[in-house]
Amino acid sequence: MIEFLRRLFGQSGSSATAKERLRLVLMTDHLELAPEMIEKLKADLVDVISRHVEVDRDRIEVNFERQDTALALLANIPIISVNRPNGNGRHGNGSNGGAPVEPVSETAPAGAVVEDAVAVEAPAPKKKAAADATPPVRKRRRRKKHAAASAAAAPTPT
Amino acid sequence: MHQTQAVEHETEAAAPARRLGRAIVLTSGKGGVGKTTTTANLGTALASRGVKVVLVDADVGLRNLDILLGLESRVKHHLLDVLEERATLDDALVPSKHGDTLYLLAAAQSREKDDVETEKMKALIETLRERFDYVLIDCPAGIELGFKNAVAGADEAIVVCTPEVSAVRDVDRVVGLLGNRFRPQLVINRLRPALVRKGKMLSVEDVNAILRLPLLGVIADEPDIIVTTNRGEPLALRRENPTGAAYHAIAARVAGEDVPAPMPPLSKPSFMERVSSFLGGKRA
């Protein structure tokens with residue numbers, strides 16, 4: 001009853017606001033205090049993406065941006081080349097157990113040079129999502145070419 | 001409940017020769033959350049258990065602990081006098097008016113925090129640990145040299161936090177700076193149960209969902225605290241007062257006793273409260 005009246009008079013507790021602000025501010029604080037973690041994240045991100053496409057390691061930008069109710073990870077990763085798909089594409093980009101991956105290099109066919117970016121974004125709620133919509137990390141890739149792994153990128157799992 | 005029995009309280013960092021007392025720093029990052037009040041009350045409550053307690057005011061330049069204990073007129077020498085060997089420790093230790101096992105080492109008022117040498121401070125705390133069961137260090141606000149000096153000699157920390165965004169954020173930062181060595185424990189101060197109930201103040205759960213620290217206890221925001229501060233008589237002297245009792249429970253927990261963390265009751269709203277919240281409670 002009291003709750004109902006409260007809602008009726010527009011009194012929603014400010015403690016909820018406090019909680020939300022606190023959560024966000026601490027996330028940004030923690031990121032600010034951990035630059036080495038961001039570097040590591042950057043490197044990991046590039047390693048994962050490099051399994052599929054060749055990226056320009058020198059021009060990668062990773063930023064955290066506060067959006068109204070969430071913290072977003074924004075990565076801008078220029079792609080140098082994408083391998084020609086061989087066979088029926090969708091499989092066999094073997095995850096090679098976390099070992100560092102050589103980025104695809106000269107072997108890329110000339111025609112496949114693409115200058116585009118892979119954008120990885122975390123939660124921004126309003127963005128229409130790709131597959132797994134569960135917060136806090138949602139990934140959406142523009143121009144996701146599932147190039148089957150080249151010999152250099154990953155050993156074929158056969 | 002006197003010295004002999006009290007000395008039996010185990011301290012983990014025991015030196016082989018003589019058991020050293022525990023050096024606990026009370027800190028918070030943010031100012032005005034009640035570090036000094038907590039130090040005075042916790043010290044008073046611990047001393048009433050019969051153990052020897054010294055309260056060290058490390059807030060050089062802004063001495064206050066003497067006021068809360070009502071000892072301001074008795075301070076003749078201070079921390080820096082001892083550190084710079086102008087006075088002996090015995091000259092500088094001020095016995096409390098209440099209980100004969102509580103002492104104060106006041107801060108210098110006319111000096112600055114940067115005047116304290118970290119190594120000397122460390123050595124002094126070590127000396128105090130040889131003589132007292134508890135050395136409570138009242139840390140200045142901030143995370144600069146004053147904080148570092150206050151923390152230098154301590155081996156445990158109690159962080160004091162109010163249910164406010166800024167205070168929680170600062171405690172989070174301080175806990176990060178302290179690292180694992182101090183095993184920080186939490187006192188939530190100035191909680192206003194009526195506001196928590198109405199959803200206008202962060203609750204104990206809200207605060208500790210973020211800080212995730214062992215909770216020593218929760219102290220309500222109470223007019224009695226102000227009154228006792230005015231008089232220079234810590235509320236912990238009055239066990240019959242709920243807040244005074246809460247400090248005793250916290251002291252018991254600090255001493256390792258298995259008693260529940262004191263928590264002000266979030267009692268049901270009174271009829272008048274309902275009426276006023278109905279009429280005037282639009283502003284959250």
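1. In chain B, I24(B) has L136(B) of β5(B) as its bridge partner. Strands here are DSSP E runs of at least two residues, helices H or I runs of at least four, both numbered from the N terminus. β5(B) covers residues 134–138 and runs parallel to β1(B), with 5 bridges joining them. Strands pair if DSSP finds at least two bridges between them.

2. The model is predicted: local features need pLDDT of at least 70, side-chain atom pairs count only at pLDDT 80 or more, and totals for chains, interfaces and linings use all residues. Residues are numbered from 1 along each chain as its sequence is written, with chains lettered from A and ligands numbered from 1 in the order written.

3. β1(B) also pairs with β6(B), residues 156–161, in the parallel sense over 4 bridges. There V25(B) stands opposite A157(B).

4. Buried means 20 or more other C-beta atoms within 10 Å of the residue's own, exposed 12 or fewer, partly exposed in between; C-beta atoms are placed from the backbone. R22(B), I24(B) and L26(B) point one way, and A23(B), V25(B) and T27(B) the other.
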